[in-house]
Amino acid sequence: MSFETISVVGLGYIGLPTAAMFASRKIKVIGVDVNQHAVDTINKGEIHIVEPDLDMLVHAAVTQGYLKAATTPEGADAFLIAVPTPFKGDHEPDLSYIEAAAKAIAPVIEKGNLVILESTSPVGATEEMAKWIAEARPDLSVPLKESDDGDIFVAHCPERVLPGHVVRELVENDRVIGGINSRSSEKAVELYQSFVVGECVVTNARTAEMAKLTENASRDVSIAFANELSLICDELAINVWELIELANRHPRVNILQPGPGVGGHCIAVDPWFIINKTPEHAVLTSAARAVNDGKPGWTVSKVEQQVSRFLEDNKTMHADEVTVACFGLAFKPDIDDLRESPALEIAKQLTIESESRVVCVEPNVEGRVDGVEIVDLLEALEIADIYVLLVDHKQFKKFNPKCEYIVDTRGIW
Ligand code: SAJ
């Protein structure tokens, strides 16, 4: 194996598990992050995010001396960039974190090094990254297109792991490897084969970028169909979960589950990278975004209906004497991630707009969450008049609440 040292830039939900995975194969890994707190935590052998089994992996890697973190890059044989790619303004992709990472590693890149972009990116971002490195290092020949040879290797290998199952999926999932040229693909395959048991499938950088966007847009469209059905069924007095279960008995139908909307940093974001490049063709992709983004507002209106119902049944009470409890704030079950969370959006909107007191329970997050009032589960069950189930965390599945005023966005109660 020609990689003795690997540098992973960005130690978040993807970078840290990936760094720990290489380190577990006894490869020296230098993790780089601008967040001093994350760097200090990792160097103590601890983790700053919630992900099953990651704590053990990081602790072992750090104590055995294979993983260390720093705020500035050092030389390595391979560099993996795993930084955020959010959108800005009118849903335009924001590549500034990739640009900053490319410029930070450029001074320490040497001939023969491999640079991999792992961040989910719009089509063309890997070529952009190569250009930023080339501009910063005129002394190096950086491949910018398929026919270029170059002194270094550049590839896009999008991460595809599911939060909550990252450690297993990093190893088991097939990997799409898109080199700027075929030599870069070969190098990247060699690197990932150190821990990936899934197949490393080779393509070019642009197709690899689009493949990742396509996977998440496909899921977004499927969830949008389930969310659309939930609105239709609500109007027609049909239980949407029963309906989907029945339809899914057909051998070629597999409808996903409705919820309060689509969250996280991936599925609610990545389709925009397609829409932004080709708006005139991405009709279905755009419609799915609109359906999924409309679900939190619809859920808020359902809660308001329950408050009105409660007040009709309790005529002596006023809205400011009513308590609404939101169960779950994370963007999906059994994680602590609040990014783009529809549950948090609903809780905040209710807190701002409702005359009633709104309390929230989030068992996976310690301490305060800005913009909402946090209470523990037992207190919420005791004081609330209206229960709003937003996330199907395992703690909430354990009981069937005795409350007449429920908005259950996940169909577990
Ligand atoms: N959701 C529903 N109904 C469903 C499934 C999901 O409402 O039936 C919601 C979830 O509650 C959540 C959102 O969709 O708010 C996204 O959750 P998810 O579990 O579908 O996906 P993520 O965002 O955690 O991870 C996705 C994965 N992509 C696919 O499954 C195609 C993962 O493999 C990617 O690596 C990840 O995006 C990423 O980083 O891009």
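**View 1. Polar contacts across the interface of domain 1 and domain 2 in the predicted model.** The rule finds 3 residue pairs in polar contact across this interface, both residues of a pair being at pLDDT 80 or more. A polar contact is a pair of N or O atoms within 3.5 Å; within protein, one must be able to donate a hydrogen and the other to accept it, and residues adjacent in sequence count only if both atoms are side-chain atoms. By class, the side of domain 1 that touches domain 2 comprises 10 nonpolar, 5 polar and 2 charged residues. Here Ala, Val, Leu, Ile, Met, Phe, Trp, Tyr, Cys and Pro count as nonpolar, Asp, Glu, Lys and Arg as charged, and the others, Gly among them, as polar. The model is predicted: local features need pLDDT of at least 70, side-chain atom pairs count only at pLDDT 80 or more, and totals for chains, interfaces and linings use all residues. Residues are numbered from 1 along each chain as its sequence is written, and side-chain values use heavy atoms, with hydrogens and water left out.

**View 2. The two domains of the protein chain.** An automatic or database domain assignment gives domain 1 (5-198) and domain 2 (238-408). Their C-alpha centres lie 34 Å apart. In contact (heavy atoms within 4.5 Å) are 17 residues of domain 1 and 14 residues of domain 2.

View 3. An N or O atom in the side chain of Glu159 is 2.5 Å from an oxygen atom of the ligand. A polar backbone atom of Gln257 lies 2.7 Å from a ligand nitrogen atom, and a polar side-chain atom of Lys332 is 2.8 Å from a ligand oxygen atom.
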